Structures are given as C-alpha cells and as structure tokens.
Amino acid sequence: MDKLQVVGGKRLEGEIVISGAKNAALPILCAGLLTSGDLELSNVPRLHDVKTILKLLAQTGLAVSQDDERVTLNGSAITTLEAPYELVKTMRASILVLGPLLARFGEAKVSLPGGCAIGSRPVDQHIKGLRALGAEITIEGGYIYAKCKKLKGARIRTDMITVTGTENLLMAATLAEGETVLENAAREPEVTDLANLLVAMGAKIEGIGTDRLVIQGVAELHGARHAVISDRIEAATFLCAVAATGGDILLKNTRTDYFDVALDKLREIGLVMTMGPASIRAQMGGRPKPVSFRTTEYPGFPTDMQAQFMAVNTIASGASRITETIFENRFMHVQEMNRLGASIQTEGNTAHVKGVDRLVGAPVMATDLRASASLVIAAMAAQGTTIIDRIYHLDRGYDRMEVKLSAVGANIVRIK
Ligand code: EPU
C-alpha cells in the first residue's frame, strides 16, 4: 500500500494547474447511459474514482475510449443493466447509474452502497424520488431492483438536500413522460454542470442553479460535447496548503465564482488573493488567523473543505470552532492531527481547535479522501517528517497531488 513521506517547513512557490471536478465528472460520465449518441468529454480528471466509474460503465456495454483527460462514451449497445456489489462497495457514486438505466431501459439492478467512513449515507431519497416517478422498486439481497414501463413526471421534494440524489432524479426525469419538478434540489456547481450537459444533450430543464428544477421529459437525448468544470475543492485545498505553509502560488484552470464562502474564509485567515479570469494568485506571509465555520449545503461552507481548513486552524494564532452538519462522522482526521501535536477536542459535531505554535511530524493514517488531503497540509506545515499511510484515499479524488505539490517546492514523495 502506497504511503506519502512529507518533510514539512517548505514554502510553496510556483504554478498549479487545477484538474476537472471529480464530483462533476462522475455524474456526467453516467449520463453517457442516457443516449445512443457519442458523449465527448474533456477536462476529465485522472482519478481512481473516474477509473472505477468507467469500469462500471464499460461492464454495462457502454463503449469507452480515453485519451488522457478526454473521454468519449457511446451507449448504443448497452447489454447489462446492473451495478454489482464489487464495484459499488468501493465507490458510492456508482448509485448514479440507477436513474439513467431505469429511465432509458425500464430496468436496473444496483447494489445498495454500504455505510462509509464519514457516515451511514443512505440512498432512501434516490429511491423515494424514483418511486414517485412511477418505478417499482424492491430491495433484496443487498440489491435495489427497479422496474418501470415508462417513468412519468412528478413533483418530488426530497426530505433533505442531496447532491447525488438530485443528480440521479434529474437524469431520470429527462427521459420521463411529462413534467417533473424537483424541489429542495442541491445547488452545487457540480449539479449545475451536469444539468448544462443534459441540456446540451437535448434535455429541457429550467431553474438550473436553483433549488427548484423543472424538467420537461423528452423521448430521447442525443450526443454532445462538454468540458467538465474545474475542481473547486482541489483548488481550495491548494489554497489551504499555501495558507498553512506560506508562499506565493498561481492556480490555473480554476474559477473564482463558485466557492465564495471558502475564499472569504481564506481571506480571514490572511491569504491575499488576486483573481484573474481563470486563475487565482495566492500569497501568504506570517501565521494564519483562526476561522470558525459550520458546514452546510451550497452555497454554504462545503463539508468537503472542513478537514483542510481544520489543518490550517491547528497552527493559527488563536482558537476556532468547526461544526460539521452534513455527515455524522467526518472528524476522523482529528485524532491524526493531534498525533502531529495539534490541540483539537470534539464535542458532538463540533471541533474546538486551539492553535499551537508548531506541529511535529509523526506517522499518521488517512481515513477518507478529504481527511487525507488535510493530513498532507498539516504535514507540510509540521517540523520534520510525517509518513501518511493509506494514501489510496487521496488517489480517489486528487489528480497526482504529490506531483503538483512537489513542483511548487513541497518535499513530498510517494513510497511504494
Ligand atoms: N442522505 C440521506 N438519504 C439520501 C441521500 C442523502 O439521508 O438518500 C444524507 C446523507 O447521509 C448526508 C446528507 O444527506 O448526511 C447529504 O448527502 P448527499 O446525498 O448530498 O451526499 P452525496 O451525494 O452522497 C456528494 C459528494 C460528496 C460530498 C457530498 C456533500 C459526489 C460523488 N459526492 O455526496 O463528496 O461530501 O455530496 O456535499 O458528488 C468527496 O468528494 O470527498 C465527497 C464525499
């Protein structure tokens, strides 16, 4: 199992090119199941999760051709309407094939994802919504069996805001008969990117970017070309890295308009940012100031940035309070950061962080994707050497993070 060895205390300086967004690419690739036409996608990130979803899609009979960050899909010869446990258990986003398969072929068998490190994460809202669209759904032997003659438009209000739930129902509704109204829809930029692709494929969707999506079903969708949006979480992760280590970096192929809250918090920390049309220059000198926040759905503070900001807070010039409201168990990095000398105490879903003068390198273990990134940041800010174990979590969602960070001066190597 690969590990990362990080020697801390290096200032970051140089340019980093941001990759396409993981959480936009995954649903967008699944949209390839909705049409017999060619879907030509660019800016698809090189990630383990992308490999997993392509493997899953290929075993349905979807033709996949890939040239680095370009992927072309063709769904004219789908043969298997199934997502097996072996793949779903490794990646929950596999549930995103359910809506498209059911809507286009009237049938799907998808393994129920189990719980995961950050919480129980049920998919009851996906099922509730598809039932409202007329699907008959049974659960047996750990599998969701879904059937319908033709999905029929309906008004659906999910009990909570769910990102992949909204995406699954949105994809299903594009091929349903009549009008579907999705209320309480997730507004994440990744949902908007999927909706824009679906429109390019011939779907009729109004209210894109709002919490009320109105979809007029069409008989079929056609092929399209689409560039996946750049990854706001990857960009914000590198901004946290420079806030923790000090330095001067230029992020390229990024946007500045869809992570306002995180950028505001970074300014509070003391990061100086200059925005270009598709770039952010970030400069940091001196010790970070502490920032308190609560994670919420978009446009609030993203849960996917909670751990990385906590890493910066561990060495800030004061105390901060972080409340996680989206997932029930997303503080697994706390114990690992404390091993590096941080002073963090949790109380229910709130973490109280007291900034310390210095962290000191130690062996630590990555527990999930964003926790891994936060440990890389903490290790880069620490004195001495940190070994981060179970780095496969990082590879699921960051495109060669250690290569990008080494190129801007970090001392970080992968140990095979
Ligand atoms: N929920 C339910 N029932 C459902 C669906 C969700 O109870 O049917 C609950 C979840 O358990 C959670 C909350 O609702 O407590 C929100 O979950 P959501 O469905 O929005 O999460 P997700 O769609 O499974 C996506 C991202 C996550 C990100 C969350 C929240 C993808 C592939 N994944 O997950 O990304 O944290 O939204 O923004 O888009 C990551 O990239 O590290 C990551 C975990």
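A: Let's start with Arg-414 and Asp-2, whose side chains meet in a salt bridge, 3.0 Å from N to O. A salt bridge here is a side-chain nitrogen of Lys or Arg within 4 Å of a carboxyl oxygen of Asp or Glu. Side chains of opposite charge can pair when their charged atoms come close. This pair links distant parts of the chain, 412 residues apart: Arg-414 is in strand S24 (residues 411-415), while Asp-2 is in the segment before strand S1 (3-7). Strands (E, at least two residues) and helices (H or I, at least four) are DSSP runs, numbered from the N terminus.

Before going on, a word on where this comes from. This is a predicted model, in which local features need pLDDT of at least 70 and side-chain atom pairs count only at pLDDT 80 or more, while totals for chains, interfaces and linings use all residues. Residues are numbered from 1 along each chain as its sequence is written, and side-chain values use heavy atoms, with hydrogens and water left out.

How open are the two partners? Arg-414 has a relative accessible area of 23%, so it is partly exposed, and Asp-2 is partly exposed because its value is 21%. The cut-offs are these: buried means under 20% relative accessible area, exposed over 50%, and partly exposed in between (1.4 Å probe, protein chains only). Arg-414 and Asp-2 also belong to a network of salt bridges that links them with Asp-395, Glu-402 and Lys-416.

Now look at Glu-15, which forms a salt bridge with Lys-252, their closest N and O atoms being 3.0 Å apart. Here too distant parts of the chain are linked: Glu-15 is in strand S2 (residues 12-17) and Lys-252 in strand S15 (residues 247-252), 237 residues apart. Glu-15 is partly exposed because its relative accessible area is 47%, and Lys-252 is partly exposed at 33%.

Another pair is Glu-82 with Lys-109, where the closest N and O atoms are 3.8 Å apart. Glu-82 is in strand S6 (residues 82-83) and Lys-109 in strand S7 (residues 107-111), 27 residues apart. Lys-109 counts as partly exposed, at 23% relative accessibility. Lys-109 also lies over the face of Tyr-143, at 4.6 Å from the ring centre. For that, NZ of Lys or CZ of Arg must be within 6 Å of the ring centre and within 35 degrees of the ring normal.

Altogether, the count comes to 26 salt bridges.
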